Amino acid sequence: MGKVISVSNQKGGVGKTTTTIEFASILSGKGKKVLVIDFDPQGNTSSSLPCDHTKPTIFDVMEAKNTVTEAIQHSEYCDIITSSSDLSKVDALYLDFDAMFILKDITDSIKDDYDFIFIDTTPAKSIKNTMTYIAADYIIAPTEVDKNSMEGIEELNNDLKKLKGGRTSVSNASIALILLTRFTKRAVMYQLALDSLNNIAKTLEGSPEVFCIRNSVASSEAKDFEQPIGVYATKNQVSRDYRKAVDIFLKKIGEN
Ligand SMILES: Nc1ncnc2c1ncn2[C@@H]1O[C@H](COP(=O)(O)OP(=O)(O)OP(=O)(O)O)[C@@H](O)[C@H]1O
Ligand SMILES: [Mg+2]
């Protein structure tokens, strides 16, 4: 049965979308069957991969307007279910307890068809993110060097603990990996952030591994060509770092 991975940090611009696309395409390249669900109304994953934007979206599936099969698109890098701005309505529409499980019901229904299902998430504390923590087996948490982004991981961990606590645990997810993105080796603040993240990681659900992804302008360029960085610039340092990060992730979850 496939694994569901939520790529999460409640803070913005930390590399969630980039990480989702790189992990999905690298694992696809290893022969794994991979689906990406764009669960962010910004739709950055959908616009960074070759997608048909007239096709049903994840919101259409949630609203039972289309089946999940109708929403799945096939690209050369991975399968994808796109997002749309409609997804921003979720936090106002899906308020009762049972509604929190709708994304899990969708991913459970297709888990047998995939090795990995990645969910790209929105940069805010939200019902949408709670839905991903309930659906996920694992969480990958990218962060930038700033204090605010690193605190986003602790906030995520607190939310996860609440879902796991109480009379009935509603999440099996553990944080498998923290990625410090746009890493610049020579800058002291990155070394300090890395030390701090290694300490924080020991206290988090799942005791995640910590790994650094270096900084490169190829990350932004690749999106304009609707390509993963690993395809656009195979030898780029960011491509190499993501390949290593995937290996670390697979080892952590016992899949290597
Ligand atoms: N390793 C990197 N080096 C340089 N730029 C990067 C790197 N990773 C991501 N970026 C760039 O940083 C910006 C933010 O990255 P990304 O969109 O992946 O973050 P995000 O967490 O998904 O943002 P949001 O919270 O808005 O969804 C993008 O322009 C992306 O191209
Ligand atoms: Mg994003």
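This is a predicted model: local features need pLDDT of at least 70, side-chain atom pairs count only at pLDDT 80 or more; totals for chains, interfaces and linings use all residues.
Helices and strands here are DSSP runs, numbered from the N terminus.

Let's start with ligand 1. Its shell holds 20 residues. The closest are Gly12, Thr17, Thr18, Pro123 and Ser219. Which elements supply at least two residues each of that shell? Helix H1, residues 16-29, does. So do strand E7, 174-183, and helix H10, 218-224.

Besides supplying the ligand shell, H1 meets helix H12, residues 237-252. Their axes come within 10 Å and cross at roughly 75°. Angles of 65 to 115 degrees count as roughly perpendicular, and H1 and H12 are therefore roughly perpendicular to each other. Who touches whom? From H1, we have Glu22, Phe23, Ile26 and Leu27. From H12, they meet Tyr242, Arg243 and Val246. That contact comprises 5 nonpolar residues, 2 charged and no polar.

Now the sheet side, and strand E5, residues 116-120. Is E5 buried or exposed? Mostly covered: 5 of its 5 residues are buried. Both faces are covered. One side carries Phe116, Phe118 and Asp120. The other carries Ile117 and Ile119.

What pairs with E5? Strand E1, residues 3-7, runs parallel to E5, with 5 bridges. Strand E2, residues 34-38, also runs parallel to E5, joined by 5 bridges. Look at Phe116 in particular. Phe116 is the bridge partner of Lys3, and Phe116 is the bridge partner of Val34 too.

Terms used
Residues are numbered from 1 along each chain as its sequence is written. Chains are lettered from A and ligands numbered from 1 in the order in which they are written. A residue is near a molecule or strand if its C-beta atom, placed from the backbone, lies within 6 Å of it. Helices (H or I, at least four residues) and strands (E, at least two) are DSSP runs, numbered from the N terminus. Axes are lines fitted to C-alpha atoms, for helices over the stretch in contact, and angles run from 0 to 180 degrees between N-to-C directions. Angles under 35 degrees count as roughly parallel, over 145 as roughly antiparallel, 65 to 115 as roughly perpendicular and the rest as oblique. Two residues are in contact if their C-beta atoms, placed from the backbone, lie within 7 Å. Ala, Val, Leu, Ile, Met, Phe, Trp, Tyr, Cys and Pro count as nonpolar, Asp, Glu, Lys and Arg as charged, and the others, Gly among them, as polar. A residue is buried if 20 or more other C-beta atoms lie within 10 Å of its own, exposed if 12 or fewer, and partly exposed in between; C-beta atoms are placed from the backbone. Two strands pair if DSSP finds at least two bridges between them.
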